[in-house]
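Here are some notes to read alongside the model. Have a look at it first, then come back to the points.

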Amino acid sequence: MKQMMAAALVALCAGTAGAFAEPVKIGMITTLSGGGAGLGVDTRDAFLLAIKKSGNKDIEVVVEDDAQKPELAVQIADKMIQSEKVDLLTGIIWSNLAMAVVPSVTAQDVIYLSPNAGPSPLAGAGCNANYFNVAYQNDNFHEAMGQYANGDYKKTFILAPNYPAGKDSLTGFKRYYKGELAGEVYTQLGQTDYAAEIAQIRASGADSVFFFLPGGMGIAFTKQYGQSGVTIPLMGPGFSFSQDVLGAIGDAAVGVRNSASWSKDLDNEANKTFVADFQAEYGRLPSIYAAQGYDTANLILSAVAKASVTDKEAFRAALKEADFPSVRGKFKFNTNNHPIQDIYVREVVKEGDVITNKIIATAFTDHSDAYAKDCKM
């Protein structure tokens, strides 16, 4: 059940050598099996690509599969801290796993950097100086679609899985959406049959549907929705239409609008290099999970160049500076160690035979989360 999936040991080139050439051991706990494996694989692959490109041979990355099980993730984290003596932890995709692991990790005075999960309790009253979220706070992308929906829709049906990120999702959408709700449904986590929910949508009188169903859930829902004959427009956060799932969904995704802090067509040099390098290394386009994993690794590399990982205060300060070329362009941390960033609206399009996303609007500029005010750091 516990299997080491990868280790990265690479060399630091003279041009990027930091002042602290000391061994740094990073533990990555992520989902590499089951229905959510694609998300973890993209996060891992992009993280390791950034370390490889840096040439830093003093960094070791140990990767293990949490199999999307909170109890296993906790066991792995404890083993990595107590037995393997990791300096930093990262990698968790799912918010229920983050809620199980992060408080335990930070209580042991180990720094955790999230490349994805951003549950609201960890952004607000449960914030911690040892916890950095390099992705978003869970509500953010959903807030963006709520804002965007106000322009075209008056009666939206909303649904998400019944777990922390699902609840944050619909909370975020409703925070900015001003129209009427045609229905609000929480589905089972891991559900694959959505016939009943699609029937509810059909009968609801909705003029639009907003849903958050990451990984295999979103694939199943969108394909079944496309086959149902229901023509009510779909909206979602970028997770539900990330590059890792678009191929599996197929043409049913084309035309769907979704929100994200990143897209492969963002016009900055760091992003152009990342997209090209990821394709060259892995033979596929990167997803938002890959972009976040890549930025997380480069954030760590920027801090390693400035401070010793053994000096927690100095290393946290170096992380807080976020002095790295983000593939998102602008990136900085708020007072609660969560991002302040732009959030875009994308449309799923077909480029030749490839289904992907293109940016069509900016929903928010320099957007921060609603919970930072409750963080007392």
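The points below go from the overall build to the domain interface and then to one more contact.

1. A word on ground rules: this is a predicted model, where local features need pLDDT of at least 70 and side-chain atom pairs count only at pLDDT 80 or more, while totals for chains, interfaces and linings use all residues. Residues are numbered from 1 along each chain as its sequence is written, and side-chain values use heavy atoms, with hydrogens and water left out.

2. Overall build. The protein chain has 12 helices and 14 strands (DSSP runs numbered from the N terminus: H or I of at least four residues for helices, E of at least two for strands). Its radius of gyration is 20 Å, close to the 21 Å that the globule rule gives for 377 residues, so the chain is as compact as a globular protein of that length. That radius is taken over C-alpha atoms, and the rule is 2.2 Å times the number of residues to the power 0.38. The C-alpha trace spans about 60 × 45 × 40 Å along its principal axes.

3. Two domains. Domain 1 covers 2–136 + 267–333 and domain 2 covers 140–260 + 343–374; such bounds come from an automatic or database domain assignment. Their centres, taken over C-alpha atoms, are 27 Å apart. Domain 1 puts 22 residues into the contact and domain 2 puts in 25 (contact means heavy atoms within 4.5 Å).

4. How much area is buried between domain 1 and domain 2? About 1,700 Å², with carbon and sulfur atoms giving 65% of it; this is the accessible area (1.4 Å probe) that two parts lose on being put together, summed over both. On the domain 1 side, S120, Y136 and I288 supply 27% of what is buried against domain 2, more than any other three residues.

5. Salt bridges. One salt bridge is counted between the two domains (a side-chain nitrogen of Lys or Arg within 4 Å of a carboxyl oxygen of Asp or Glu). K330 pairs with D366 in a salt bridge, their closest N and O atoms 3.1 Å apart.

6. The structure holds 21 salt bridges. One of them joins R284 to D45, with closest N and O atoms 2.8 Å apart. R284 sits in the loop between α10 (269–282) and α11, and D45 in helix α1, so this pair ties together parts that are 239 residues apart in sequence.
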